[in-house]
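Work through the exercises below with the sequence and the coordinates open. Each task is followed by a solution in steps.

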Amino acid sequence: MKVLTVDIGTGTQDIFLYDSRLDIENGFKLVLPSPTMMIHHRVRQALQTRTPILLTGHQMGGGPSAWAIEETARAGIPVYMTPSAATTLNDELEKVEAVGINIISEEEARGLISKVEHLELKDFDFELIAETFSRFGVTLNDLEAIAVAVFDHGNAPAGVSDRQFRFDYLDERIRAKNSLSAFAYPSTDIPKVMTRLQSVADSAGKLPSPLIVMDTAPAAVLGAGFDSMVATRKQKIICNVGNFHTLAFRLGEKGIEGVFEHHTGEIDLSKLESLLRALADGSLKHEDVFNDMGHGALVYSQEKFGFGKDDFDVVVTGPRRSMFQTMDDRPLTMNLPSSMANGPLRPYFASPFGDMMIAGCFGLLAATAEILPNIADTVQGSLRGEGGRGVAPWDVPV
């Protein structure tokens, strides 16, 4: 049984092909440039040659792609976007037009394709991934499921902060199902407000198996929990330091006890440790993060999570986890009580099944098993380390 998992971030897209016949460590994996980085590079090339560009397709991850598109428009180079593609920059299209981008219809776009540099926007390209695997002799026509994770702010109503809207959504999901897997959905059951998740489903085309979509941050934290040192902890704080967003979940026996999310570029190690201490003792307030240009915080337990009792304080994962390796003298850069900044925290760098970069894929795999009962026993057995023992990779057809 095979399941394809794809965790799409700002810097990379991390791909893991689960095969129940093998130990998870022997699964095939790829770490490639993210779709937003791929578009960023293509747009920058057009900017250098001053070539007009046309962007069609679907809403996808912004950041690098959005910055390059807006820079091109500001440079006076014609930029055309269809409405669905333009939501990559902003759900309010008048704000897209305000930076000099031309919003045109699908029909108008078809008439322009031969005259400009044409780029199609989408987060998930199954055909490209399948072609890449096929060049190595691996087929993807026998999958039981496909699971894809992206970060989705949600479509906030006009005048409502997308940061606040996202945290209202997180609160609703946690209260409805206090589990990290609450942020995963079958493609037929995606909330209407989660427009980027829906765009993944819309752009996927005809797939050989059911599609599951999930938020990247809970997927990474869920996956990090499969590290053998982390799995035995009944209570823990797991911090995912991503390229664009840093998120920490406080987890206990009854589920999620608290969470905060900030922009990685807005914090340093002192600030991050202060937030983690406040999350641990239950004193962290939503405004502490939101007013600091972060997304926000939710705390559901006032019990204190004590540091110093075990051999590490916080579980760390993510591509920017090296922030925790900066152990020099660090000034406190956030206005929180000094009691929250008592020395450096002791991090544990989780590597579930030997690979930190694929943590989100393991979280996707676990959430997919909860949604699809027909694969649950097999996948959960593999995640417990029971699958594929004694089976050599060369004895398994690809």
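**Exercise 1.** Does Phe-183 count as buried or exposed, and at what relative accessibility?

*Solution.* The model is a predicted one. Step 1: the relative accessibility of Phe-183 is 1%. Step 2: buried means under 20%, so Phe-183 counts as buried.

**Exercise 2.** Classify the aromatic pair of Tyr-169 and Phe-183, and state which parts of the chain the pair ties together.

*Solution.* Step 1: the count of aromatic pairs in the model is eight. Step 2: for Tyr-169 and Phe-183, the ring centres are 6.2 Å apart and the planes stand at 65°. Step 3: planes over 60 degrees apart count as edge-to-face, so this pair is edge-to-face. Step 4: Tyr-169 belongs to helix α7, while Phe-183 is in the loop between α7 and β9, so the pair links parts 14 residues apart in sequence. Step 5: Tyr-169, at 8% relative accessibility, counts as buried.

**Exercise 3.** Describe the surroundings of the Phe-312 ring.

*Solution.* Step 1: Phe-312 and Tyr-348 form a stacked pair, with 4.8 Å from centre to centre and 25° between the planes. Step 2: Phe-312 lies in the loop between β14 and β15 and Tyr-348 in strand β16, so parts 36 residues apart in sequence are tied together. Step 3: Arg-233 lies over the face of Phe-312, 3.8 Å from the ring centre. Step 4: with a relative accessible area of 6%, Phe-312 is buried.

**Exercise 4.** Give the strand order of the six-stranded open sheet and identify its edges.

*Solution.* Step 1: the order is β14-β13-β12-β11-β15-β16, with mixed pairing. Step 2: β14 (296-299) and β16 (347-349) each pair on one side only, which makes them the edge strands. Step 3: β15 (residues 314-317) pairs with β16 in the parallel sense over three bridges, and Val-316 stands opposite Phe-349. Step 4: helix α7 (residues 162-176) lies across β13 (255-263) and β14, at about 165° to β13.

**Exercise 5.** How many residues of α8 are buried, and what covers them?

*Solution.* Step 1: seven of the nine residues of α8 are buried, among them Arg-196 and Leu-197. Step 2: the cover includes β1 (2-8), β8 (143-150), β9 (184-186) and β10. Step 3: Gly-205, which follows α8, has a positive phi near 70°. Step 4: Lys-206, in the loop between α8 and β10, counts as exposed at 84% relative accessibility.

**Exercise 6.** Where does pLDDT stay under 50?

*Solution.* Step 1: the chain averages a pLDDT of 91. Step 2: over residues 327-341 pLDDT stays under 50.

Technical notes: Residues numbered from 1 in each chain as written. Predicted model: local features only at pLDDT ≥ 70, side-chain atom pairs only at ≥ 80, totals over all residues. Heavy atoms only, no water. Pairing = 2+ DSSP bridges. Helix = DSSP H or I, 4+ residues; strand = E, 2+ residues; numbered from the N terminus. Contact = heavy atoms within 4.5 Å. Axes fitted to C-alpha atoms, helices over the stretch in contact; angles between N-to-C directions. Buried < 20%, exposed > 50% of the residue type's maximum accessible area, 1.4 Å probe, protein only. pLDDT = per-residue confidence, 0-100. Phe/Tyr/Trp six-rings, centres within 6.5 Å; stacked < 30°, edge-to-face > 60°. Lys NZ or Arg CZ within 6 Å of the ring centre and 35° of its normal.
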